[in-house]
Amino acid sequence: MDLLEPVTQPYAWGSHTAIAELQGRPAPTAGPEAELWMGAHPSAPSGLERSGARTTLNAVIAADPPRELGAECAARFGGRLPFLLKVLAAEQALSIQVHPSREQAQAGYQAENARGLAPGDKSRNYVDDWPKPEILCALTRFEVLAGMRTTADAAALLRALGVAALEPLAAGLAGTADPAALTRALAGILTWPAEGRAALVAAVAAACERVAAQAGQYAAACAATVRLAGEHPGDLGVVASLLLRHAVLGPGEAVFLPAGGPHAYLHGTGVELLANSDNVVRAGLTGKHIDVPELLKLLDPAALVPVIEPRPVGVHGDGRVCVYDSPAPEFRLHRAELRAAELVLPGDGGARIALCTEGAAVLRASSGTLKLPRGEACFLSAADGPVSASGPASLFIAGDGIGAPG
């Protein structure tokens, strides 16, 4: 059992308070803190100490993949930890984006390498050849755009705005259930003529402000669009956001994002578990690289982006363990509510990362005992075998999804 030193990512949309408060540091911080990475991604591996020497988690795994990951996981994923655990703290909206499947990532990565793009080139879409499905579990109220609306719903919302320029798009959506119409509508927005973009965004923002004030079916989504217009003035992503389903997760609820599922995280703090990749193809609401043709190629307008409730998988002692079901073989997310009596953590036989989000946990294995206070995370290797834990504490446990039902 190894206590991890996570890497903090200072992206501009991040919070000045959430991650610092979770870790017990003074807040607000001088700069934004957007994500806390716990894992072995090559660009930002977590630090740890082994045998009295400082090293990184990816170096430890590379030295003996079957011991650290388990033989099955090491063989299936080429000796690489298949998941990355994060705390994500969004003070402002992230970009509208999609992630590739494994086949798309491999083809895209090879194509960009063949074009001679350097590994750090900011015009890259593919920084590795892995897919990036992900699941996000809310720690606070968390506002998201996740998946496309139905064609009928999207047409009704566009017409509720009363913006004449959007009527051709609404007409193309009305009267058809074909998801391809959503792709065409999104393409129409993202390729809007440059000379008319500012006027379109301004007109949509004004219309959304009016609809939001009426407290009807689309009030919450339109209020979110008004905020996006303030954060990203003139950005066509403001208009494109209207084609996505708006949802608000309560603490403990989660959303799963498959390959091709368009999404944007708008505001809140959550625990995110994803395949060990950083491949992102963006459509808007960002100053980073945007590639509309590639995004439209990856987009699956029919992709289901469900809100997931935790499913109890057993009661041990006086603590409860729940799982957030998803079909990704790279990861599986459990949550354990610990009390005084010990319970055995799920995932025995493979590598795991445990994160304490409330209280303080005590973990016990044949190798020893580890105290895990709020805001700390640890790596549990396959060699650690069964690990029991007691609290009071709340733990998130990330492991691989091999053999897990979706």
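User: Where is the place of arginine 76?

Analyst: This is a predicted model. In it, arginine 76 sits in helix 4.

User: How do you know which residues arginine 76 touches, not counting those up to four places away in sequence?

Analyst: Contact requires heavy atoms within 4.5 Å. With residues up to four places away in sequence left out, arginine 76 touches Pro329 and Ile402. The C-alpha atoms of arginine 76 and proline 329 are separated by 9.8 Å, although the two residues are 253 residues apart along the chain.

User: Why are helix 9 and helix 10 called oblique to each other?

Analyst: The axes of helix 9 (residues 197-213) and helix 10 (residues 219-231) cross at roughly 140° and come within 8 Å. Angles over 145 degrees count as roughly antiparallel, and 65 to 115 as roughly perpendicular. The crossing angle is roughly 140°, and the pair is therefore oblique.

User: What is the hand of the crossing in which helix 9 passes helix 10?

Analyst: The crossing of helix 9 with helix 10 is left-handed.

User: Which residues of helix 9 and helix 10 meet?

Analyst: Helix 9 contributes Val204, Ala205, Cys208, Glu209, Val211 and Ala212. Their partners in helix 10 are Ala219, Cys222, Ala223, Thr225, Val226 and Ala229. By class, the contact has ten nonpolar residues, one polar and one charged.

User: What makes alanine 215 worth a remark on its phi?

Analyst: Most residues other than glycine have a negative phi. Alanine 215 has a positive phi, near 55°. Alanine 215 belongs to the loop between helix 9 and helix 10.

User: Which peptide bond at proline 28 is cis, and what is its omega?

Analyst: The bond from alanine 27 to proline 28 is cis, with omega near 5°. Most peptide bonds are trans. Proline 28 lies in the loop between helix 1 (18-23) and strand 3.

User: Which residues does the other listed cis peptide bond join?

Analyst: Glycine 391 and proline 392 are joined by a cis peptide bond with omega about 15°. The loop between strand 22 (388-390) and strand 23 holds proline 392.

User: How many residues line the largest pocket, and which lie nearest its centre?

Analyst: The lining of the largest pocket has 41 residues, with Tyr11, Asp278, Val280, Arg282 and Lys288 nearest the centre. Two or more lining residues come from each of strand 3 (35-38), strand 6 (83-90), helix 5 (102-114) and strand 12 (263-275). The space in the largest pocket is about 1100 Å³. By class, its lining divides into 15 nonpolar, 13 polar and 13 charged residues.

User: What lies nearest the centre of the second largest pocket?

Analyst: Gly347, Gly350, Gly399, Asp400 and Ile402 do, out of 19 lining residues. Helix 4 (71-76), strand 17 (332-338) and strand 23 (393-399) each give two or more residues to this lining. The second largest pocket holds about 310 Å³ of space. Its lining has nine nonpolar, six polar and four charged residues.

User: What makes a space a cavity and not a pocket?

Analyst: In a cavity a 1.4 Å probe fits but cannot get out, whereas a pocket is open. A search of the whole structure finds one cavity of 30 Å³ or more. The largest cavity has about 30 Å³ of space.

User: Which residues line the largest cavity?

Analyst: The lining is made of Leu145, Arg149, Leu157, Ala221, Thr225, Ser241, Leu242, Leu244 and His246. Helix 10 and strand 10 (244-249) each supply two or more of the lining residues. The classes are five nonpolar, three polar and one charged.

Key
Residues numbered from 1 in each chain as written. Predicted model: local features only at pLDDT ≥ 70, side-chain atom pairs only at ≥ 80, totals over all residues. Heavy atoms only, no water. Axes fitted to C-alpha atoms, helices over the stretch in contact; angles between N-to-C directions. Helix = DSSP H or I, 4+ residues; strand = E, 2+ residues; numbered from the N terminus. Parallel < 35°, antiparallel > 145°, perpendicular 65-115°, else oblique. Left-handed = near helix turned anticlockwise from the far one by under 90°. Nonpolar A, V, L, I, M, F, W, Y, C, P; charged D, E, K, R; others polar. 1 Å grid on protein atoms, 1.4 Å probe; cavity = no way out; pocket = protein on both sides within 12 Å on 5 of 7 lines; lining within 4 Å. Points joined across faces, edges and corners; volume = space filled by probe spheres on them.
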